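Q: Hi! Could you walk me through this model in plain words?
A: Happy to, let's bring it up and look together.
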Amino acid sequence: EGEGEVEVAPQWTFRLLHCPAKLQPVDQRLEVTVATPLELVHNARLLDRVRRFLDVLGESERAELAQLVRQQAESLREVTLESVLARRKSTDVQLRLAAPRLILPQDLSSPDTGVLVLDMGAISLASMVAQGGETAAAAAADASAEGSGDGPEWLYDRFALSISSIQVILSPSKASLRAAPERAHYLVYELGVDVGLQRCILPPSSHAFNHVVVSGSLSEASSQSLHLQLSPEQLRMAAAILESLQSGTAEPAGEAGVPAALAAEGADLPAGAQPLATIERTRARFLVQRVRLSLVGREGAPLASLHAGGIELTAHRDVAGQGAHFRLDELYVDDRTAADPLRSRLVESNPSRASAGGGPEESSLVQLQYLRSAAGAADELHVRFNRLHLEWNPATITALLAFFRSPAAGAAAAAPPDAASLGAPAAAA
């Protein structure tokens, strides 16, 4: 290097290492680092043309590929667990990515159009592969054991996904986005998400354990809170952008409004057979610790705030069927225009919670459980609703109704006049 030259760090790095046998616990290591995020501008027409260009397979080719996949799966079932584990290759994955920013413009032809920006912040992925401390014979014994649920830890490959500094910004123009975003432009303030994934190393049809286990929650780095802010102008601009995204993106549908690719899926399965995906037993859980929604009036004055806590969604799927469970522990809505703090609470969930002394099930505001049986039995839906305290403030309710009606009024004002409106007198308008 010459004198005065500055070394520039690479923006993309990729490294794949093959580890010598019996010297490392894994067969290979993969490391990927992206230092600078990409900016992706959404163009619905261009994406539709690319999709049509890449969609070269016809229905007959898709059916043939599906048949080959099923034949391969059937052949794998005949192989012993010992040989499967002996041929297994493990990879240690380390990813550190400056995630791309997705820019959704309201009008691609205008340089001063409003843009909705989804900034995914930084993404990191780390793996912990299952160690071969136990023998294949023990794996076969555990896999054939009666019972269900999660299997031994050493039977699972684990992946830890962390997404930090996620934020959603609504800017009046792309030029103003280059500068530091103003506080009023934030729709979703910075937050983080932690997701854990476990996948069993055994073939799905060879054991009664949960094959895939997923768990996620808001990370502690973001104070375990999802904070949103919304004003009438932001609501109107966001509605216009989302409406522009829907134009020109509809996919041609087959009979009964079902896309042809989905209608053909599973059509050639033998009688009584189920898709291969139903073999995998899956358990998933996601927790949102706290949510705060702030509504701001036209002049920037606080209007109302919503607080929700203990939002949990769990789902499972096995040979018996599938189900989902939703839980909301608490909900509060405060009137930010009230001068008296004692009269600011509009909605409060279970105000007698402290004196009740019940457990989580007794104190939760809402619980929903949905069960669907694979045997063809009737679906089940269980609903449990706890006490909810409401107070009525006519002035605040009127202001909230006007807040949510403003996007529709703005869209009607922006729409071109029809023949009837052109012939109407000015006084009527």
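Q: How many helices and strands are there in the protein chain?
A: The protein chain has 11 helices and 18 strands. Both are DSSP runs, numbered from the N terminus: helices are H or I with at least four residues, strands are E with at least two. This is a predicted model, where local features need pLDDT of at least 70, side-chain atom pairs count only at pLDDT 80 or more, and totals for chains, interfaces and linings use all residues. Residues are numbered from 1 along each chain as its sequence is written, and side-chain values use heavy atoms, with hydrogens and water left out.

Q: What does the pLDDT average over the protein chain?
A: The average is 75, and 68% of the residues score at least 70. pLDDT is the predictor's confidence in each residue, from 0 to 100.

Q: Where does pLDDT stay under 50?
A: One such stretch is residues 250-278, for which the model has 25 contacts beyond four places in sequence. Another is residues 412-429, with 1 contact of that kind. A contact means heavy atoms within 4.5 Å. Where pLDDT is low, the predicted coordinates should not be read in detail.

Q: OK, what share of the residues is buried?
A: Buried residues make up 30% of the 429 in the protein chain. Buried means under 20% relative accessible area, exposed means over 50%, and partly exposed is in between (1.4 Å probe, protein chains only).

Q: Which residues have the most contacts inside the largest nonpolar core?
A: They are Leu116, Leu170, Leu187, Leu191, Leu230, Leu295 and Phe403, in a core of 31 residues. A nonpolar core is a set of buried Ala, Val, Leu, Ile, Met, Phe, Trp, Tyr and Cys residues joined through side-chain atoms within 4.5 Å.

Q: And which elements give two or more residues to this core?
A: Strands β8 (156-171), β9 (186-200), β12 (282-296), β13, β14 and β15 do, along with helices α6 (232-246) and α10 (394-414). Apart from this core lies another, of 8 residues, among them Trp154, Leu155, Tyr156 and Leu202.

Q: Switching to charges: what is the count of salt bridges?
A: The count comes to 8. A salt bridge here is a side-chain nitrogen of Lys or Arg within 4 Å of a carboxyl oxygen of Asp or Glu.

Q: Which residue forms a salt bridge with Glu312?
A: Arg327 does, with the closest N and O atoms 2.4 Å apart. Glu312 lies in strand β13 (residues 302-318) and Arg327 in strand β14 (residues 321-335), so the pair ties together parts that are 15 residues apart in sequence.

Q: Are those two buried or exposed?
A: Both Glu312 and Arg327 are buried.

Q: What about Arg345, which partner does Arg345 have in a salt bridge?
A: Arg345 pairs with Asp334, and the closest N and O atoms are 2.4 Å apart. This pair links distant parts of the chain, with Arg345 in strand β15 (residues 345-349) and Asp334 in strand β14, 11 residues apart. Arg345 is partly exposed at 27% relative accessible area, whereas Asp334 counts as buried at 14%.

Q: Which residues do salt bridges that share partners join into one network?
A: Arg285, Glu312, Arg327 and Asp329.

Q: And where do Arg101 and Asp119 sit?
A: The side chains of Arg101 and Asp119 meet in a salt bridge (3.3 Å, N to O). Arg101 is in strand β5 (residues 101-105) and Asp119 in strand β6 (residues 115-119), 18 residues apart. Why does Asp119 count as buried? Because the relative accessibility of Asp119 is 9%.

Q: Now Leu197: which residues does Leu197 touch?
A: Not counting residues up to four places away in sequence, Leu197 touches Asp157, Arg158, Phe159, Val212, Val213 and Val214. Leu197 lies in strand β9 and is partly exposed, at 33% relative accessible area. The C-alpha atoms of Leu197 and Val214 are separated by 4.7 Å, with the two residues 17 apart along the chain.

Q: Last one: how far apart are Thr282 and Asn210?
A: They are 72 residues apart in sequence and 5.4 Å apart in space, C-alpha to C-alpha. Thr282 is in strand β12 and counts as buried, at 18% relative accessibility.
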